[in-house]
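Reader: Hi! Could you walk me through this one?

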Amino acid sequence: AIEKAEEYYFESESYETLHDLVMVQYGYIAFCIAEKLNMEGKSMLKSAFNNLQKIYKQSGETADYLAIEASLVASELNFYPYKMMTLWPKAVELTDKAYEKDKNNFMALACKANQLNFTPKMFGGSPEEAIPLYKKIITLYESHCEEPESNWRYISTLVTLAATYEDLKMYDKACSLYEQIIDFDGNIKWINTKLYPACKSKLATQKSGN
């Protein structure tokens, strides 16, 4: 996907193709974090920051630009945890700034929702407050995209919301979301064979009162 995104950008050098490239890089960075591919992740992060500066030169400090920067800074924390005292406040500031600038922007909403969801409660986190934001993102994708189920960011939001429901022991709602994703594509094995069955098991245990 990165190779294709690079090819499209080099052919047109348009804002749209550059934005698509940065978003694919952002997705790959998240993959590197999950798989502990630190060297690859750091290299891709550097490239994404460079491309983000190109976006800034084309569009200025938009909500989307601020939200992408916030996301990359948050990703940077995973590779350089010793920079926590400087990177974390920066990510929070950028997230709040992006969200206040445009509360209907996909990335600004995602950043704000993730901030609320994954920040410890003692520092202002609230998964319950994150849920309406995730729902808003999903609604925006469904109303603005022709085939939202083909967009990895839409699927990712559904999965994140389902995981949030699970953390709050709302297993019925989580299972419903997993079923929705499986209806799109039953071949997503990590959902079809891992997340969904595990959630169903928790739901059954909850209903039995054990």
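Reader: Is the crossing of α8 and α9 left-handed or right-handed?
Author: The crossing of α8 and α9 is left-handed, meaning the near helix is turned anticlockwise from the far one by less than a right angle. This is a predicted model, where local features need pLDDT of at least 70 and side-chain atom pairs count only at pLDDT 80 or more, while totals for chains, interfaces and linings use all residues. Residues are numbered from 1 along each chain as its sequence is written, and side-chain values use heavy atoms, leaving out hydrogens and water.

Reader: New topic: where is K169?
Author: K169 lies in the loop between α8 and α9. Helices here are DSSP runs (H or I, at least four residues), numbered from the N terminus.

Reader: And what is its phi?
Author: Phi of K169 is near 60°, a positive value in a residue other than glycine. Most residues other than glycine have a negative phi.

Reader: Is K169 buried or exposed?
Author: K169 is exposed, at 54% relative accessibility. The cut-offs are under 20% relative accessible area for buried and over 50% for exposed, with partly exposed in between (1.4 Å probe, protein chains only).

Reader: What about E13, where is that?
Author: E13 sits in the loop between α1 and α2. Its phi is near 55°, also positive, and E13 is exposed, with a relative accessible area of 53%.

Reader: Which residues are buried in α2?
Author: They include L18, V22, I29 and C32. The buried residues of α2 pack against α1, α3, α4, α6 and α8.

Technical notes. Helices (H or I, at least four residues) and strands (E, at least two) are DSSP runs, numbered from the N terminus. Contact means heavy atoms within 4.5 Å.
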